[in-house]
Amino acid sequence: MSHRFVSLLLFLASFSCLGQQPDSVAIVNRPLAFKPAKLYVPAVLMSSGLVTTLFFKDQIKYRIADQRGKHFGNFRTRLDDYLEYAPLPIAYGLDVFGVKSKNDFLNKTVILIKGEILFYASTNLLKEVSSELRPDGSDYRSFPSGHTAQAFATATFLSEEYKDRLPWIPYAAYTMASTTGLLRIANNKHYIGDVLFGAGLGLLSMKTAYWTHRYKWGKNRKTNLSTVPY
């Protein structure tokens, strides 16, 4: 199912480009400037996750888990295991279709690796420190949700690379990421606070990778898009 989903998105992306006219010249490898306002969304997500986990256990945390057990007790899917990575083949596959990303292959790959290291290290450190029991009781690595953090990190990567060329991409990317988080709750692997905090952490990790990237390769290279298949 996941392979068909990714293939469909790639097809729609290439089809949507047929009627678009590119600018004659664009700047490739353009640094992403840090703005304090960009911290609001991850801060709200992470704060909501903490507040829900620490202070509203009976009102929100356990109540949602109880409702899940009553209405979706037998629900199981592996889609979340694949959906968290779905933005990555899209981000690289669009280049194959002739839709150029904001950064070239080398720079965007380095950014991706940096973002992945940041999210993975921070997520696993917090899992060890918090030692939160999962709702299904399988282990003590519930907080935060690693799947959701991964999904929002890759969604941010896809969004940053293509939002200027394909304005609908952020909506598709973050819909996939949000679906991953919801499926982690539906699969009884995480509480709502785990998912909210993981979403903010994944988003912040990838944004930080962009903000700190120095573009030592191909800095501010101009590309004549009129000669590039779009």
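View 1. T148 belongs to helix 7, which spans residues 146–162; helices are DSSP runs of H or I with at least four residues, numbered from the N terminus. The model shown is predicted: local features need pLDDT of at least 70 and side-chain atom pairs count only at pLDDT 80 or more, whereas totals for chains, interfaces and linings use all residues. Residues are numbered from 1 along each chain as its sequence is written, and side-chain values use heavy atoms, with hydrogens and water left out. T148 has a relative accessible area of 0% and is therefore buried (buried means under 20%, exposed over 50%, and partly exposed in between, with a 1.4 Å probe and protein chains only). Leaving aside residues up to four places away in sequence, T148 touches G181, R184, V195, G198 and A199, where contact means heavy atoms within 4.5 Å.

**View 2. Packing of helix 6 against helix 9.** Helix 6 (residues 105–130) and helix 9 (residues 192–212) pack with their axes 8 Å apart and at an angle of about 145 degrees. The axes are lines fitted to C-alpha atoms over the stretch in contact, and angles run from 0 to 180 degrees between N-to-C directions. Residues that make the contact include I111, L118 and F119 of helix 6 and F197, L201 and M206 of helix 9.

**View 3. A209 in helix 9.** A209 is located in helix 9 and is buried, because its relative accessibility is 0%. Not counting residues up to four places away in sequence, A209 touches I111, K114, G115 and L118. The C-alpha atoms of A209 and K108 are separated by 10.0 Å, although these residues lie 101 residues apart along the chain.

**View 4. Aromatic pairs.** Seven aromatic pairs occur in the structure; rings of Phe, Tyr and Trp (its six-membered ring) pair if their centres lie within 6.5 Å, and planes under 30 degrees apart count as stacked, over 60 as edge-to-face and the rest as tilted. One of the pairs, Y92 with F157, is tilted, at 6.1 Å centre to centre and 35 degrees between the planes. This pair joins helix 5 (residues 87–96), which holds Y92, to helix 7, which holds F157, across 65 residues. Y92 is partly exposed at 21% relative accessible area, whereas F157 is buried at 0%. Y92, F105 and F157 are linked into a cluster by ring pairs.

Definitions and conventions
Helices (H or I, at least four residues) and strands (E, at least two) are DSSP runs, numbered from the N terminus.
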